[in-house]
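Q: I'm new to this one and would like to go through it step by step. Could you take my questions as they come?

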Amino acid sequence: MEEKLFPRIVALLTAHFDNMPPAEDIHLDDNLHEDLNLDSLDIVDFIMMCETNFNVKLDMTNAKNTHTLRDLIRSIIEQKPSLCDAQ
């Protein structure tokens with residue numbers, strides 16, 4: 001399920017953060033802080049970017065529980081399951 005949104009998430013990351021590894025080196029279970037070197041403000045910014053891009057409202061109080069790209073994608077899917085049907 002998460003694999004359908006993953007390429008779109010990676011595209012957002014690489015378009016907005018200069019310090020990202022190449023897209024082919026980014027993985028679904030990469031930790032936002034440890035593997036992708038995003039600081040806490042970058043993570044909040046990225047979550048907000050995802051909200052805008054996918055037209056969802058994520059619970060920012062749960063942002064502290066968003067550690068990996070998979071965590072973020074699952075939160076997005078919970079808010080808008082129809083995104084899994086998107087190409």
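Q: How do α2 and helix α3 pack, at what angle and how far apart are their axes?
A: In this predicted model, the axes of α2 and helix α3, the latter covering residues 69–79, lie 11 Å apart and pack at an angle of about 35°. The crossing of these two helices is right-handed.

Q: Which residues make that contact?
A: From α2 there are F46, I47, C50 and F54, and α3 contributes L69, L72 and I76. Sorted by kind, the residues of this contact of α2 with α3 comprise seven nonpolar, no polar and no charged.

Q: Switching to aromatics, how many pairs does the structure hold?
A: The structure holds one aromatic pair. The ring centres of F17 and F46 are 6.1 Å apart and the planes stand at 75°, which is over 60 degrees, so the pair counts as edge-to-face.

Q: Where do F17 and F46 lie?
A: F17 is in the loop between α1 and α2, while F46 belongs to helix α2, so the pair ties together parts that are 29 residues apart in sequence. Both F17 and F46 are buried.

Q: And N31, is that residue buried or exposed?
A: N31 counts as buried because its relative accessibility is 16%, and the cut-off for buried is under 20%. N31 sits in the loop between α1 (2–16) and α2 (40–54).

Q: What does N31 touch?
A: Leaving aside residues up to four places away in sequence, N31 touches L36, H67 and T68.

Terms used. Residues are numbered from 1 along each chain as its sequence is written. This is a predicted model: local features need pLDDT of at least 70, side-chain atom pairs count only at pLDDT 80 or more; totals for chains, interfaces and linings use all residues. Side-chain values use heavy atoms; hydrogens and water are left out. Helices (H or I, at least four residues) and strands (E, at least two) are DSSP runs, numbered from the N terminus. Buried means under 20% relative accessible area, exposed over 50%, partly exposed in between (1.4 Å probe, protein chains only). Contact means heavy atoms within 4.5 Å. Rings of Phe, Tyr and Trp (its six-membered ring) pair if their centres lie within 6.5 Å; planes under 30 degrees apart count as stacked, over 60 as edge-to-face and the rest as tilted. Axes are lines fitted to C-alpha atoms, for helices over the stretch in contact, and angles run from 0 to 180 degrees between N-to-C directions. A crossing is left-handed if the near helix is turned anticlockwise from the far one by less than a right angle, and right-handed if clockwise. Ala, Val, Leu, Ile, Met, Phe, Trp, Tyr, Cys and Pro count as nonpolar, Asp, Glu, Lys and Arg as charged, and the others, Gly among them, as polar.
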